[in-house]
Amino acid sequence: MAHGPSRSAACGILPDRGTNPCPLHRQADSQPLRHQGSPKLKLFEPLCSAYLEQSFPVVVPWDEEKPKNPMVELFYGRFLAVGVLEGKKFENTEMFGQYPLQVNGFKDLHECLEAAMIEGEIESLHSENSGKSGQEHWFTELPPVLTFELSRFEFNQALGRPEKIHNKLEFPQVLYLDRYMHRNREITRIKREEIKRLKDYLTVLQQRLERYLSYGSGPKRFPLVDVLQYALEFASSKPVCTSPVDDIDASSPSSGSVPSQTLPSTTDQQGAPSSELPSTSPASIVAISSRSVIHKPFTQSRIPPDLPMHPAPRHITEEELSVLESCLHRWRTEIENDTRDLQESISRIHRTIELMYSDKSMIQVPYRLHAVLVHEGQANAGHYWAYIFDHRENRWMKYNDIAVTKSSWEELVRDSFGGYRNASAYCLMYINDKPQFLIQEEFNKETGQALVGIETLPPDLRDFVEEDNQRFEKELEEWDAQLAQKALQEKLLASQKLRESESSVTTAQAGEPEYLEQPSRSDFSKHLKEETIRIITKASHEHEDKSPETVLQSKPENTTSQPPSNQQVVEVAIPHVGKFMIESKEGGYDDEIMMTPNMQGIIMAIGKSRNVYDRCGPEAGFFKAIKLEYSRLVKLAQEDTPPETDYRLHHVVVYFIQNQAPKKIIEKTLLEQFGDRNLSFDERCHNIMKVAQAKIEMIKPEEVNLEEYEEWHQDYRKFRETTMYLIIGLENFQRESYIDSLLFLICAYQNNKELLSKGPYRGHDEELISHYRRECLLKLNEQAAELFESGEDREVNNGLIIMNEFIVPFLPLLLVDEMEEKDILAVEDMRNRWCSYLGQEMESNLQEKLTDFLPKLLDCSTEIKGFHEPPKLPPYSTHELCERFARIMLSLSRTPADGR
């Protein structure tokens, strides 16, 4: 539903709450997760019970004589509470909107529901003269949309604050509610008794199985099967007849013998107390001294080859071994069979419990999961998003702030079940799977076409919306008219300024328009014009193979070598062309302009047209030169170049050709360049410049749209500025000066985005700028987080300054474009990093600063709060621009960035 700047008239449907609107409207994304009135995404606010109760008061909702409230019919149900209170039975019928469920201590949704439907001593409900209390809940009427509110918090008495419960809780895509219906109460009670009996039996079996799997009386327990196997292995080992101390081979030593007097010192080094040493006789000392060295545990490099790998019995007869092996084998087999039988019995009981409600009579009330509301963070702050099932496309969609993206059941499970990270579902919305009106498309009875949008609304609500939309459209028209008038005034002012400074425009194009074909004021005859065309065809290739320096230095035959008295001779080195002696009037030569690539091309074209100029005069030479230059520029525009070479930066005409600028604008741009006053450094260039200026004067106002001409040149100036922003931003990024880099990269991205909206070749690679802008924010976020983790006041404050002044203001720039999935994921990573601190113990002052800062970080608004003015660019020449661009792009190609 569209709505204008003013309050929507459609809101008149809701009761007027005066200056005290529903508090849910004022809850921010980062507010605490509470049991009652949990803040929801704005999309679901109308579904909250508090909102519904205030907006649609229920007087007699179930009175058939009065019209029912449609919202209550859609979201509200009833249950019957049957119980015993101090020995007295009671029955109540109650309404419910969101049905609250406890999460702690349960593994799935059915366990939560079972616990919520039975309170107190269940046995007292069916017994007479009982003093115990308890009650059961039975659904009598279920709403088409059933909402479960999951209570995921508990109050920590020790810390004096609420804490979020992150336990895993599974919920199905299809939930059968037959077991909770009042009409099935008798069969459900029977099944519950059976399940209780099975669970009691299951507990006994699990205890017995545990005794087999954890056998022993000491602190360490082992599976009984393994114990018997180890005993069998011990009994089956080869018997030994000597003590484990005396059976070491006393053959010749491998590294010499040790004198007897050294033994005590060796023993002392190993730290053995004298009281623990065995008593030795002189004979035994002599025997020990004659043996080889016994390697101690810390110096032993290998086990002696004759040392038994495992202990073995000293004495055992064949008869004893046979009896023992027979017993151990038999016992092991018996234990294995018993363990297997217990495990199979446990599995059967689990399966029986799972299938207890699977008979046909208990699957008649299916509810399908439609939406899941997720909270990430802790009890006092966090971030919210939702998953909603698209029935038309048969897939899950993720609604995260303003971003709506395709999702999957696997992603929903990972984010919603809990137990994986700080994210978990706090609200589940199921819809009745049988009534198709909830998801089925409506069709026009006359045309048979599907109704969409406003057509699906009831007539009264549709009228409200249409009236509101009409007012909104009127406001838009008035707003557009104001903008158009303002834009027209600005264009007229720009046009006036353009006419005043037209001679100073320094960009152009080439071709053969009508005004180029007309005779100039030098009054050439028609015969000369035809002769010019013939000579151009003949002489077009005469000087193409010569170097630019040779062509330009060559002089006409009838020219004199002495410059006029009012001219000066200057030696100029032009890159890629050579050194030249330039004749120019004093003050009439700008060496910086002559260094530009476009002026180099014009000089080369004039040099190559020398022969035509000498034979046919200045106008023929002009035609030849402008054709050569235009052909060269077209070739550059069509050339496939590496990233470090961008001919658009070299010449404005290349930029215009690639972006399919109007022909007249390209022609006038090139004419302006041939008419540049800096070309008056010798007679030939001066005369061609005069011809170009004469052609410019002949252009009629209706032939070239001056406003469009100026707009194209403004775009080119913005393209050059964007390039310089990008260069400085990338250079700072490589120097790890991320704050300076961020400001320039953001300007580069914003300008580039505006240019690309007009054409794919108007700007630079958007993914490149987006990647480094994103990486710069991530690097700054990492720096700020490390400063915060240090715990020192100064470092913490510096970290929060980085976040508040550079991260938070620019996050909306990453969220505003919902198609940039990598940007959205980067924002989530930054938020997750700071939300992870919520569950950690920290000093109270840090906790306070974190609590104050997090709402700003988690704000889902896309309002841009960045700088008002872009950073100032230093002065730069075209040659410097091209050189720095090539250098930075080459460095990027040598170190490719991940993710690009």
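A word first on how to read the values. Residues are numbered from 1 along each chain as its sequence is written, and because the model is predicted, local features need pLDDT of at least 70 and side-chain atom pairs count only at pLDDT 80 or more, while totals for chains, interfaces and linings use all residues. Side-chain values use heavy atoms, with hydrogens and water left out.

Let me begin with the salt bridges, by which I mean a side-chain nitrogen of Lys or Arg within 4 Å of a carboxyl oxygen of Asp or Glu. The structure holds 34 of these salt bridges. One of them joins Lys 398 to Glu 411, with the closest N and O atoms 3.5 Å apart. Since Lys 398 lies in strand β12 (residues 395–400) and Glu 411 in helix α9 (residues 409–416), the pair ties together parts that are 13 residues apart in sequence; helices here are DSSP runs of H or I with at least four residues, strands are runs of E with at least two, and both are numbered from the N terminus. Are these two residues buried or exposed? Both Lys 398 and Glu 411 are buried, where buried means under 20% relative accessible area, exposed means over 50%, and partly exposed is in between, with a 1.4 Å probe and protein chains only.

Another salt bridge runs between Arg 833 and Glu 789, whose closest N and O atoms are 2.9 Å apart. This pair links distant parts of the chain, with Arg 833 in helix α27 (residues 821–835) and Glu 789 in helix α24 (residues 766–790), 44 residues apart. Glu 789 is partly exposed, at a relative accessible area of 45%. There is also a bridge from Asp 646 to Arg 648, with a closest N to O distance of 2.8 Å, and here Asp 646 and Arg 648 are buried. Finally, Glu 136, Arg 185, Glu 186 and Arg 189 are linked in a network of salt bridges.

Now to the aromatic rings. Rings of Phe, Tyr and Trp (its six-membered ring) pair if their centres lie within 6.5 Å, and planes under 30 degrees apart count as stacked, over 60 as edge-to-face and the rest as tilted. A search of the whole structure finds 26 aromatic pairs. In one of them, Trp 409 and Phe 417 sit edge-to-face, 6.4 Å centre to centre and with 85 degrees between the planes. Phe 417 counts as buried, at 9% relative accessibility. Both rings belong to one aromatic cluster, formed by Phe 171, Phe 389, Trp 396, Trp 409 and Phe 417.

Elsewhere, Ile 802 lies in helix α25 (residues 793–807) and is buried, with a relative accessible area of 10%. Ile 802 and Leu 780 are 22 residues apart in sequence, yet 7.3 Å apart in space, C-alpha to C-alpha.
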